[in-house]
Amino acid sequence: MVVATFPADQWREYVQEPGREGIFLVLAAFLASFLFIRTSARMIRSDRFPWWPGSVVTGGVHLHHLVWGIVLMMSGGTLGFALGGQAPWFQVSAVVFGIGVGLTFDEFALWVYLRDVYWAREGRQSIDAVAITAAFMGLIFLGINPLKIATGDDVLATLVSAGYTIGALLVAGVCFGKGRFFHGFGSLVFPPIGLWAVPRLGKPGSPWAHWRYGDRDPERQRRSEERFGAHRRSAVLVDRLRGAVGGFPVESRPRAEREDDPATLERRQLDASVEAALEIQARAMAEAQAQARGEHRRAGHH
């Protein structure tokens, strides 16, 4: 009896507080949908699961699950606003919204590169985006809200609270821009953690390095690559975790052409037509030049 009532007691005490149940349901649905769709994609990719449905051949018209995620996010958000938080529709809308977020963030790299890089090395940015989003939702669920500003009759206290919030967000933004995600999330809890990372080097693949290093500052780019190279143990561990969750990347290889492939036949016909047109043009130009030389000679004799 005690074991049976424990989950219900924990749910009432830690989840069903005002402002926490919704974010918990969104977070749980977000993680569940991401894990499901990523596992499904890996099973489709593997030859060990031929019975798993959903095999997709790249090309033609294909609706990525990113599209379905956006539709679910729109539906869940609209439902939540329209019904004014009434149970159980509030919980339903939170779950629907969370599922949509999971499906959408699983293809986060598609937002950035605007091409199918799901199994490429660039596609690992989707795993990073999911981890960052889940961590942020977790902080909000635990009651750590850096956007909360104290209000009241004390104007000075309100200004101090607003300044603290803005400062914490700026420090966290710099840390995230430098690719130092641990310090960024830590600064939302305790800003001095982020202040330690602000004057230090950013990671070589971070937006900060793209803006400030490279050709603008080759020396810092070199130091950043030495400091945060792929040889570090932490980098190797993170790379293995990404592979374990999202699958290991593969280099894109061109699809072998088939003689009876309609696209191949059409391309070859087009190439032949272009080659024939160029040949006719070259012959016409040669004849025109020969005729011009003949007329020039006849004019010289007269």
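Analyst: Helices (H or I, at least four residues) and strands (E, at least two) are DSSP runs, numbered from the N terminus. By that count, helix 12 gives the largest share of the lining of the largest pocket, eight residues.

This is a predicted model: local features need pLDDT of at least 70, side-chain atom pairs count only at pLDDT 80 or more, and totals for chains, interfaces and linings use all residues. Residues are numbered from 1 along each chain as its sequence is written, and side-chain values use heavy atoms, with hydrogens and water left out.

The protein chain has 13 helices and zero strands.

Now the pocket. On a 1 Å grid over the protein atoms alone, a pocket is an open set of points where a 1.4 Å probe fits, with protein on both sides within 12 Å along at least five of seven lines; lining residues have an atom within 4 Å of a point. The largest pocket holds about 1700 Å³ of space. Its lining has 40 residues, and Asp128, Phe181, Lys203, Val238 and Arg242 are the closest to the centre. Two or more lining residues come from each of helix 2, helix 5 (108-113), helix 6 (125-141), helix 8 (181-189) and helix 12 (233-246).

The lining divides into 23 nonpolar, seven polar and 10 charged residues. Here Ala, Val, Leu, Ile, Met, Phe, Trp, Tyr, Cys and Pro count as nonpolar, Asp, Glu, Lys and Arg as charged, and the others, Gly among them, as polar.

Technical notes. Grid points are joined across faces, edges and corners, and a volume is the space filled by probe spheres set on the points.
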